[in-house]
Amino acid sequence: QVQLAESGGDKVQAGGSLRLSCTTSTNISSFFRMDWYRQAPGYLREQVATTLIGGRPTYKDSVKGRFTISRDYAKNTLYLQMDNLKPEDTAVYYCKGTTWGSGAPEYWGQGTQVTVSS
C-alpha cells in the first residue's frame, strides 16, 4: 500500500524558516508528479508547489522566492523549504503524489501543521 507521511510542521515567528518532509513508502520515482498543498481554517485546500520528473518546479505566486520544492531520490523524500514565513502561511500542509499507473492514481499524506505568528 502506498503511503505518504509529512513531518516538520511547527510554530515559528514571522520571518522564520521551516523544512517540511514527505516520505514515501515506495520508490519516489514512481510518482511522476508531486505537489504540496495547504489548507487554512475556513479556506479551500490550495496548491502551493509542484515538481514533475523532468520538469521545472512551479509555485503559487504568493510563495515564489520564499518556498522551494525538491526531491531526494535516495531518501524517497519530498521537501518544502519555507523561508521568510508570514502569518498568512499558517495552514495544514499536505503532500500529494501522482503515479504513472493507469488513471494516474493520486495519494495524499495526513498533513502537518504550520503556524506562523506575527
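Analyst: Asn 84 has a relative accessibility of 41%, so Asn 84 counts as partly exposed; buried means under 20% relative accessible area, exposed means over 50%, and partly exposed lies in between, with a 1.4 Å probe and protein chains only. The model is a predicted one, in which local features need pLDDT of at least 70 and side-chain atom pairs count only at pLDDT 80 or more, while totals for chains, interfaces and linings use all residues. Residues are numbered from 1 along each chain as its sequence is written, and side-chain values use heavy atoms, with hydrogens and water left out.

The backbone of Asn 84 has a phi near 50 degrees, a positive value in a residue other than glycine. Most residues other than glycine have a negative phi. Asn 84 sits in the loop between strand 8 and strand 9; strands here are DSSP runs of E with at least two residues, helices are runs of H or I with at least four, and both are numbered from the N terminus. Ala 104 also has a positive phi, of about 50 degrees, although it is not a glycine. Ala 104 belongs to the loop between strand 9 and strand 10, and its relative accessible area of 29% makes it partly exposed.

Phe 67 is the residue opposite Met 82 of strand 8.

The covered face of strand 1 carries Leu 4 and Glu 6, and the uncovered face Ala 5 and Ser 7. Glu 6 has Cys 22 of strand 3 as its bridge partner.

Within strand 8 is Thr 77, which counts as buried because its relative accessibility is 5%. Its side chain makes a polar contact of 3.5 Å with the side chain of Thr 23; a polar contact is a pair of N or O atoms within 3.5 Å, where within protein one must be able to donate a hydrogen and the other to accept it, and residues adjacent in sequence count only if both atoms are side-chain atoms. Beyond its neighbours within four places in sequence, the contacts of Thr 77 include Cys 22, Ile 28 and Ser 70, contact meaning heavy atoms within 4.5 Å.

The whole structure holds one disulfide, defined as a pair of cysteine sulfur atoms within 2.5 Å. Cys 22 and Cys 95 form it, with their sulfur atoms 2.0 Å apart. The pair links distant parts of the chain, with Cys 22 in strand 3 and Cys 95 in strand 9 (residues 91–99), 73 residues apart. The S-S torsion is about 60 degrees, so this disulfide is right-handed. Cys 22 and Cys 95 are both buried.

Strand 9 also holds Thr 98, which is buried because its relative accessible area is 6%. Leaving aside neighbours within four places in sequence, Thr 98 touches residues including Phe 31, Phe 32 and Ala 104.

The search for aromatic pairs finds four; rings of Phe, Tyr and Trp (its six-membered ring) pair if their centres lie within 6.5 Å, with planes under 30 degrees apart counted as stacked, over 60 as edge-to-face and the rest as tilted. The rings of Phe 31 and Tyr 107 have centres 6.4 Å apart and planes at 80 degrees, so they are edge-to-face. Phe 31 is buried, as its relative accessible area is 0%, whereas Tyr 107 is partly exposed at 27%. Phe 32 and Trp 100 have ring centres 5.2 Å apart and planes at 50 degrees, so that pair is tilted. Phe 32 is partly exposed, at 25%, while Trp 100 is exposed, at 57%.

Note on methods:
Two strands pair if DSSP finds at least two bridges between them.
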